[in-house]
Amino acid sequence: RYEFVTGVQTCALPISFLIRRGRMIFSGDVTDHLFLYAQSDLNGSVGGAGDFGVQMRDLYGDIAIDKDKEFRFRVGQSKVPFGWVNLQSSQNRAPLERPDALNSAAEGERDVGVFFMWAPVEARQRFKDLVKLGLKGSGDYGVVAVGAYSGQGPNRPDANGEPHVVARVSYPFKLDNGQYFELGANAYHGRYVPTVSAIGTPALTPAAAAGGVVDRRAGVTAVWYPQPFGVEAEWMMGEGPTLSPNFRNITSEFLHGGYVQLNYRQQTDHGLLFPFTRWNYYDGGRKFGANAPDSKVNEVDFGLEWSPWPEVELTLVYSRSFQRTNTRTFPYANTT
């Protein structure tokens, strides 16, 4: 993985333009009460294999109610406030991919919706500091966030006219010695309409409820920020769309999973070193995959992130998969 960032202020308004890893980002305050953010992906997949083009990652406005911006509404396509690692930017995340249990809840991390967020000034400053200090923070998504969103994923049309609802609480504590840690809890509920396609010989198309299948999860988060040792842990459970063992139906079934990551942050004469290891586990349906196949993941990552300069980041990861289901093609067999 590589990082390349450049940017300029584009006009008299404090709106900036960035290019980062094949993405164009425009952001800035239009007024004291309106902040706009737009991020387009120049190499996003928009169709079948090998079909790539430009698509929107984010396109939203933050509408602040008060002058300190403690209370605000986020309207448009943005990250769904579920979990902690899903909200963490890829430039802050050490592993190359997000853990399956959390990312399978909101693949692509984003959706179209309206979210109300609240955070006191002190907490908002801590969220900023956790990123600015290089401690791998998630960013400011409020101490409390509640809202409604499509539930079908980014750049996809709504399929049932029934939004998902989500709630999240997360607070960044700071000890007297300067150590940061964060505790949180989150949950969402909705009905997801899975994509179905013919499988097997003779061909069989699974059946799913026309209005969608129950999709709900709840989880907890605990983060001890790397100063220099760090620990991240998230776990969630619930029920969601899952293909039946006989491949005939897609129904709501129990799911659970999460991850635990240990890391260490050390500034040296040759740059910033960030070794880490992560256990990644998930057992449940992959709702965003065709036919929502049952998925099992159990693997461990060992990695090292090295930043010789702030503008350059190199990451090497070795993954040992004890079990991982191939959810792309029938018969969805174990790949290990």
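Trainee: How many cavities of 30 Å³ or more does a search of the whole structure find?

Mentor: One. A cavity here is a set of points on a 1 Å grid over the protein atoms alone where a 1.4 Å probe fits but cannot get out. This is a predicted model, where local features need pLDDT of at least 70, side-chain atom pairs count only at pLDDT 80 or more, and totals for chains, interfaces and linings use all residues. Residues are numbered from 1 along each chain as its sequence is written, and side-chain values use heavy atoms, with hydrogens and water left out.

Trainee: What volume does the largest cavity have?

Mentor: About 40 Å³, taken as the space filled by probe spheres set on the points.

Trainee: And which residues line the largest cavity?

Mentor: Among them are Glu107, Arg110, Tyr149, Gly151 and Phe288; a lining residue has an atom within 4 Å of a point. The lining divides into five nonpolar, two polar and four charged residues, with Gly counted as polar.

Trainee: Switching topic: which elements give two or more residues to the nonpolar patch?

Mentor: First, the patch itself: its residues include Val220, Trp224 and Trp235, and together the patch has about 890 Å² of accessible area. The elements are strands E11 (213-224), E12 (229-243) and E13 (250-264).

Trainee: Where does Val220 lie?

Mentor: In strand E11; strands are DSSP runs of at least two residues, numbered from the N terminus.

How values were computed
1 Å grid on protein atoms, 1.4 Å probe; cavity = no way out; pocket = protein on both sides within 12 Å on 5 of 7 lines; lining within 4 Å. Patch = residues over 30% accessible without salt bridge, like charges linked within 9 Å, V, L, I, M, F, W, Y side chains within 5 Å. Areas by Shrake-Rupley, 256 points an atom, 1.4 Å probe, with all protein chains shown as cover. Salt bridge = Lys/Arg side-chain N within 4 Å of Asp/Glu carboxyl O. Helix = DSSP H or I, 4+ residues; strand = E, 2+ residues; numbered from the N terminus.
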